[in-house]
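Here are some comments for a colleague who works with computed models. Please read them beside the sequence and the coordinates.

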Amino acid sequence: MSVLSAIRISHAPVAAFAAVGLCWGAFAALAPQLKTQLGADDATFGLLLLGTSIGLMTTMFFAPWLDRRLGQWAMPVGAVLLATAFLFPGLITSPWLFFCAMAFAGMASGMLDVIMNARVSELETAHGRPLMNANHGMFSVAYAIGAFGTGLGREAQLPPVAIFGTTAAILLLLTTRMRMQVAAPDDTEETPARFPYAIVLICGAVVMIAFMAEAAVEAWSALHVERTLGGRAAEGALGPTMLGLTMAVGRLSGQAVSEKFSDLTVIFWAACLAATGAVVVATAPTPLVAYVGFGTIGLGVSVIGPLGLALVGRLVPARVRTTAISRAAVIGFVGFFLAPAVMGLISQGFGLRVAFGCVALLVGVLFPLLVVLRRRGG
């Protein structure tokens with residue numbers, strides 16, 4: 001019941017999280033087809049995905065400003081931009097134009113992500129309870145639906161533009177549920193003398209590692225199943241689908257867990273799960289074993305990113321909350337879009353098994369960061 005209650009309380013940002021999840025789920029399942037359409041090798045395709053990071057970096061500068069200007073319309077406007085942005089990758093065959101299209105997609109996705117996370121943080125403060133995991137859980141449900149539906153579309157030989165067009169139409173319907181009044185600032189609260197950069201950087205690093213592990217599976221799981229393990233298109237699409245499903249389970253169950261245990265305790269055990277799953281994927285002999293690994297990674301990383309952002313919202317003053325969350329989210333999402341490029345470079349030189357093994361090492365960096373956060377009262 002706590003999950004349903006959390007979804008009811010935060011129904012407006014839930015719709016925004018679902019919109020972002022649908023888009024990236026469709027994109028992940030289409031990655032092999034888009035790569036072929038561009039005629040790119042692993043390293044080139046990974047580098048082209050860095051266009052998303054370029055677009056995302058602009059989010060840090062204009063998302064808080066747009067949020068203040070647009071108010072209750074900020075999430076609907078962000079969703080319309082996102083729906084428009086994802087029409088282009090399916091139409092493009094030029095690598096440079098694809099890079100530009102991904103930059104636009106990153107900008108739109110980052111803007112909506114910053115605003116919807118800030119809205120959830122406002123609701124957490126207003127209602128005195130954690131809500132991040134429930135919202136991020138709905139992202140994962142939508143991501144799995146988007147990936148699975150796209151896999152069916154690929155089997156039916158639908159072109160990418162038709163799949164992205166359908167996704168865009170669904171997003172436009174979701175915008176009708178995204179309007180939300182913005183919480184007024186507390187005039188009695190003192191403005192902090194210094195911006196809390198240390199908290200933002202540390203929590204942002206936690207979010208970045210979680211998103212890097214997630215993005216590695218999203219962008220390369222289908223290719224790993226289809227190429228390394230010899231699976232078909234539908235079997236490849238089950239890689240990101242499994243990630244989305246298990247992340248949904250992890251986040252929705254994490255909603256209840258986070259109300260009973262400390263954030264740092266949950267992150268510690270989640271990191272252990274994610275690292276184990278990455279090792280399973282790296283050594284998997286068959287697609288079925290790889291699905292188990294993808295699912296274990298999903299269960300692990302599912303709660304780390306949301307709790308990292310929740311820590312920012314809880315540890316900084318309300319007056320700088322949107323700005324702090326935007327910067328932590330940008331740090332996190334730089335990792336989200338850096339990971340596919342790094343995976344591509346590693347895969348080009350050593351293969352995808354080694355690349356997924358490096359994901360396990362990456363997750364291990366979380367443990368010293370948790371020690372620092374504990375010392376700071378997280």
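Buried is used here for residues under 20% relative accessible area, exposed for those over 50%, and partly exposed for those in between, with a 1.4 Å probe and protein chains only. This is a predicted model, in which local features need pLDDT of at least 70 and side-chain atom pairs count only at pLDDT 80 or more, while totals for chains, interfaces and linings use all residues. Residues are numbered from 1 along each chain as its sequence is written, and side-chain values use heavy atoms, with hydrogens and water left out.

1. Gln157 lies in the loop between H7 and H8, helices being DSSP runs of H or I with at least four residues (strands, E, at least two), numbered from the N terminus. With a relative accessible area of 72%, Gln157 is exposed, and its phi is near 65°, a positive value in a residue other than glycine. Most residues other than glycine have a negative phi.

2. Helix H8 covers residues 160–174, and its 15 residues reach 21 Å from the first C-alpha to the last, close to the 21 Å expected when 1.5 Å is multiplied by one less than the number of residues. Its buried residues are Pro160, Ile163, Phe164, Thr167, Ala168 and Leu171. Seen down the helix axis, these buried residues fall within an arc of 135°, so they line one face of H8; the arc is taken from the directions from the axis to the C-beta atoms.

3. The buried residues of H8 pack against helix H2 (11–38), helix H5 (74–85) and helix H7 (132–155), where contact means heavy atoms within 4.5 Å.

4. Phe139 lies in H7 and is buried at 9% relative accessible area; leaving aside residues up to four places away in sequence, Phe139 touches Phe17, Val20, Gly21, Glu214 and Arg251.

5. Which loop holds Leu91? Leu91 is found in the loop between H5 and helix H6 (95–127), and at 54% relative accessibility Leu91 counts as exposed.
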